[in-house]
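This report describes how one protein chain is built and how it meets a second chain. Look at the structure first, then read on.

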Amino acid sequence: MRPDYPIKTDRLLLRPFTPADLDDVHAYRRLPEVARYLYDEALTRDETAEKLLRWSAMDELTGDGQSLALAAVLDGTVIGEVDIKWLSREHAQGELGYIFNPEFQGRGYAREAAEQMLHLAFEQVRLHRVIAQCDPRNEPSWRLMERLGMRREAHFRQNEVFKGEWGDLFVYAMLAEEHRNEE
Amino acid sequence: MRPDYPIKTDRLLLRPFTPADLDDYAAYRTDPEVNRYLLTVVTDRAGTSELLARKAAQTELTGDGQGLSLAVHWPEAGRVVGDVVLKWLSEEHRQGEIGYVFNPEFQGRGLAGEAAGALLRFGFEELGLHRVIARAAPGNEASWRVMERLGMRREAHYRQNRVVKGEWADLYTYAVLAQEWRARR
């Protein structure tokens with residue numbers, strides 16, 4: 001499954017990454033506050049460039065374990081990233097993720113991009129269920145999951161060592177039929 | 001890490017399976033009611049024998065992803081009445097999972113909880129686990145009631161996260177932390 005690019009939302013374009021996005025992406029991926037609840041640490045410019053190279057190839061879904069990773073572009077500037085991971089073809093399950101530049105937060109851009117990705121996941125990839133996960137301390141992230149209509153299905157306590165301490169995990173989920181009611 | 005066998009509880013002996021357990025094992029493992037909530041469905045003696053051989057080899061834990069599979073022998077009945085498993089999910093994060101399958105003929109006596117409790121003890125005290133989970137279908141109430149009696153908390157209710165036997169199925173995950181388990185003793 002390869003979407004027609006760019007995917008348009010009211011204010012944004014979603015399209016595959018290119019190496020030319022380095023300045024825009026590094027502007028937020030270098031920030032410790034952005035990396036606080038990611039498995040990644042704050043990235044050096046070289047690390048961001050390496051990631052971009054990998055992400056550039058994630059523009060279609062052909063099997064289990066793959067991700068569609070797209071740049072969210074506002075007036076020519078990449079302000080964040082959204083992705084859908086195909087967790088299981090057999091069970092029609094996927095996972096939504098998003099990371100945005102704090103400079104552009106608070107204006108509903110993440111929600112706009114994430115809604116579009118959910119639409120794509122359910123209507124084009126034909127997934128049955130989409131999950132999203134985050135650290136419970138990352139309240140802006142799970143508040144967005146709730147605004148998207150996702151339900152909290154799990155609160156795992158101390159299920160892993162995260163950045164040197166025991167970390168919890170929230171798992172949110174949405175079913176295709178819930179998504180159709182939401183839209 | 002290999003437990004000293006048998007692991008003894010008040011009423012039970014937990015020890016590796018042997019080929020001589022086949023009759024006792026097949027008596028419940030081929031039962032349709034027992035198979036209903038299990039992913040590996042076994043319907044005949046040959047299938048049971050294969051599964052028993054795999055379980056008989058799971059007697060020690062040396063790394064991530066391995067499991068201990070033990071027969072639960074009840075001397076009072078003179079036979080194997082169920083089996084239990086402890087999986088080492090992650091060495092780095094000190095996580096494990098327990099599971100159990102019992103002969104319905106011997107249910108309602110707290111035997112599953114007693115055997116599973118012995119594995120929890122082994123997981124926390126000997127293996128040094130930080131957290132142990134257990135999973136069950138919401139419809140399998142007998143199973144998750146055992147988890148609750150063991151002091152495990154329901155942490156997840158996944159809705160329709162997989163297809164089991166042709167139908168969308170839900171899944172409960174229960175968990176207990178080492179500190180919670182110690183506080184109950």
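## Contacts within chain A

In chain A, 58% of the contacts with a separation of 6 or more are between residues 24 or more positions apart. Two residues are in contact if their C-beta atoms, placed from the backbone, lie within 7 Å.

The model is predicted: local features need pLDDT of at least 70 and side-chain atom pairs count only at pLDDT 80 or more, while totals for chains, interfaces and linings use all residues. Residues are numbered from 1 along each chain as its sequence is written, and chains are lettered from A and ligands numbered from 1 in the order in which they are written.

## Elements

Chain A contains six helices and eight strands. Their order from the N terminus is β-β-α-α-α-β-β-β-α-β-α-β-β-α. Helices (H or I, at least four residues) and strands (E, at least two) are DSSP runs, numbered from the N terminus.

## Size and burial

The C-alpha atoms of chain A fill a box of roughly 40 × 40 × 30 Å along the principal axes. Of the 183 residues in chain A, 37% are buried (20 or more other C-beta atoms within 10 Å of the residue's own, C-beta atoms being placed from the backbone).

## The side that touches chain B

Between the chains, 17 residues of chain A are in contact with 17 residues of chain B. On the chain A side, strand S7 (151–162) and strand S8 (165–175) each supply at least two residues. S7(A) gives the largest share, nine residues.

Technical notes. A residue is buried if 20 or more other C-beta atoms lie within 10 Å of its own, exposed if 12 or fewer, and partly exposed in between; C-beta atoms are placed from the backbone.
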